[in-house]
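Colleague: I am new to this structure and would like to learn how its features are read. Could you take me through a few of them, with the general idea before the case?

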Amino acid sequence: MSLAETTGTHGSGPPPDRLGAATPILELRGLDKRFPGTHALKQVDLAFLPGEVHAIVGENGAGKSTLIKLLTGVYPRTSGEIFWHGRPVALATPHDAIALGINAVHQEVILCRHLTVAANLFLGDETASLGILQTRRMERAAQAIIDDIGFRIPSGVLLGDLTIGQQQLVATARAATRGTKFLIFDEPTAYLTRQEADQLFALIRRLHRQGVTIVYISHRLEEIFELADRVSILRDGSLVSTARIADTDEPTIIRGMVNRSIEDVYHKEEIPFGPPVLETRGLTGRGFQDISLTVRTGEIVGLYGLIGAGRSEFVQALFGRHPKTGGSMILKGEAVTIRRESDAIARGIALVPESRRDQGLCLNLGVGFNLNLPIFRRLTRGLVISLPAQREHADRQIRDLRIQTASRNALAANLSGGNQQKLVVGKWLSHGADLYIFDEPTAGVDVGTKVEMYRVFAALLKRDAAIILISSYLPEVYELADRLHVFRAGRLVASHSHKDADHETILAEALGT
Amino acid sequence: MTTAAATAPVAPQTKPSTGLGFLMSLTLLGLLLAMWIALSLATDTFLTANNFANLMRQAALWAIIAMGQTFVIITAGIDLSVGAVIGFCSVIVAMLLQGGFPVWASVLITLGVGVAIGLFHGFGIVKMGLPPFIMTLATMTALRGIGLLMTNGATISITVDRFTDFSRGALLGVPNLFWMVILVAVPAFVLLHLSRWGRYIYAVGSNAEAARLSGVNVSVVIFLAYTVSAMLAAFAGILTAARIGVGVATTGDGWELQSIASSVIGGTSLFGAVGSVHGPLIGSFLLTTIANGANLLNINPFWQRIITGGLIIVIVYFDQMRRRRR
């Protein structure tokens, strides 16, 4: 089956009133899933109408991932029934799901980075003649698909050479071109820039027009208002409500998700600024040049810009990842050169890196281990580590940060994204620092965890610390930063005091338009 | 990332520290004891002082290199050179002794050679960026060559009785070689399980980038692991030379694989960050018991190899199943 053809043949279009009394394409009745010690989904009744975009929201741990895994046949259900076009189906294996036309696109791209885009698109469904792969033909067919979705890259490039956003588009194209009738997106934009997200949305709308039913899961509520026809809220494994998007609003959804009204998501307290902790003068290094800025105690300095604008490279230089090549860096009044991470840590800088999985955590080690990793030296008595001190420190952080874990010995991998993020922050709270650098601290975490993260910011500022906050989510830096610097192409192009410019201005500065 | 495990309590998970490792090794210990009981019942020769002392001596050498290998494997690396280091160091210690060096000096210098080899591995892996497999494969090949070159392919007889008698001696009824295992295991346990450097070894094996960003000097940790492994291999080389009374460049052939097998049977994960000091100890005793038992049962030596291979698969398979269920 040619894939280019498949994308074309869906064009018959959905019925005019998609939300009318049509038979649901997929219906769940009393769907229930238990794991040892966990009741992950509780008697969920939910109907997906043909051709709709159905958003599902909920905090981390509300059961969204479990629901996806049941719909894609990854887990068997404990009880309940699933109907496909009104007929009961087993849906017990991933193969069952694919045979019905159910596919999923995940937050993290699960494809082969060392193969070409074409090879990835056709993985498991290669064209061969007499057992010989028809590479040319596949590349041509892949190019047709890629051109068709308005995505300008050659199909012969390696997937690993693309940005994460482009990879996400390839993953979507792959899922969309296998006779898919029901496509689930699990936080596809968590790691994407706004432009990349827009490209993805265009692709989603296109699939929608072709009659594919779409389930869209995201923590970013504005995306849901942009894309969805209906929205369902999950909380603690139960369905709270399903509503047409036109009949609901953001506060209602947030209340449904967290069961409390969030007066002020962006919790910000008036904290007086103290002396400068960090000053850079014309700092230059790999990926950025001539950056001059000051961070004072009690202050949040926000760095906004597109991915690749040099923000992460700048803070990595502060942290000793790549030494600076020019300019100066003054820490607490003293000119310093930071050559490696341990220098930075010794001088009171802490970095909460962008990717918890790749840079932040030892996932197959314990919660307590991760929390104590920077302070094992301090916990050492003579030759050996004091076990009581280790337990005490870990338990204090678990308590203070309200980390939800079975015990300090649970593996970090078993925690939800929000709780994993708290671990990364927690290890620096144990250690203590004067300057905390947060690189995209709330990517892929839910509203409740975000609020807790912002409270941690306030607590740090009150302890006379300073914060550098990098975020690609403009409302976040906009609301929280006392001073906001805009990066573009490795340079600092504009600076603002708290809320002295509107979103459009800042966005235009970041884009360079 | 959204997982269902967030709000609800997760099924208790134990991290691979002493707690879990201890339980796991108890099960392996059970298997070892079961084998011993079965062999005692099946043969008259197994449960004799002589055979048992022999078993302990053979297991001792494998146990020592398996412990060193485990340090490396926990960092998600591999040390293929341990067998070659044993051969090479048996030659070095024999040459030193025959050259008139006192025993203590010969031993110390040979251990120093081991340390130097380990540092060279660290240099290749950290500074030159070579994969551990390649780096230690290269030294494995080259060290055998150097040893053969130095001896011209001949064996060097050791005529210092004080040195060779040591391996046959016993203290409190326990062979001296087994005391050497304890001499190694106690500091190794302290280093891996109780000190911060041990924690760093696990952290590097789990996620070197996260460890680096947490202030761990990853290079030093890697140097440490390979140095421990090579030094223990040098120590095993000295003990082997004492046991057989000669230095031979080709001795210890294939022992790198024995050490990896012992380590993995003892619960070490080749993906890193999982392992213990006591696991490989028991693993090496299991392997030695299999070989010893097969000898006593008069099993054809060709079959012995097949059986050993099969048992490795079975033991590690069941061990992984048990841990996955946990």
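Modeller: A residue is called buried under 20% relative accessible area, exposed over 50% and partly exposed in between, with a 1.4 Å probe and protein chains only. Leu41(B) has 72% relative accessibility, so Leu41(B) counts as exposed. This is a predicted model, in which local features need pLDDT of at least 70 and side-chain atom pairs count only at pLDDT 80 or more, while totals for chains, interfaces and linings use all residues. Side-chain values use heavy atoms, leaving out hydrogens and water, residues are numbered from 1 along each chain as its sequence is written, and chains are lettered from A and ligands numbered from 1 in the order in which they are written.

Colleague: How is a pair of aromatic rings described?

Modeller: By the distance of the centres and the angle of the planes. Rings of Phe, Tyr and Trp (its six-membered ring) pair if their centres lie within 6.5 Å, and planes under 30 degrees apart count as stacked, over 60 as edge-to-face and the rest as tilted. By this rule there are 16 aromatic pairs over all chains. One of them, Phe185(A) with Tyr216(A), is tilted, at 6.2 Å centre to centre and 45° between the planes.

Colleague: Are Phe185(A) and Tyr216(A) buried or exposed?

Modeller: Both Phe185(A) and Tyr216(A) are buried. In chain B, the ring centres of Phe178(B) and Phe285(B) lie 5.8 Å apart with the planes at 80°, so this pair is edge-to-face. Phe178(B) counts as buried because its relative accessibility is 17%, and Phe285(B) is buried with a relative accessible area of 9%.
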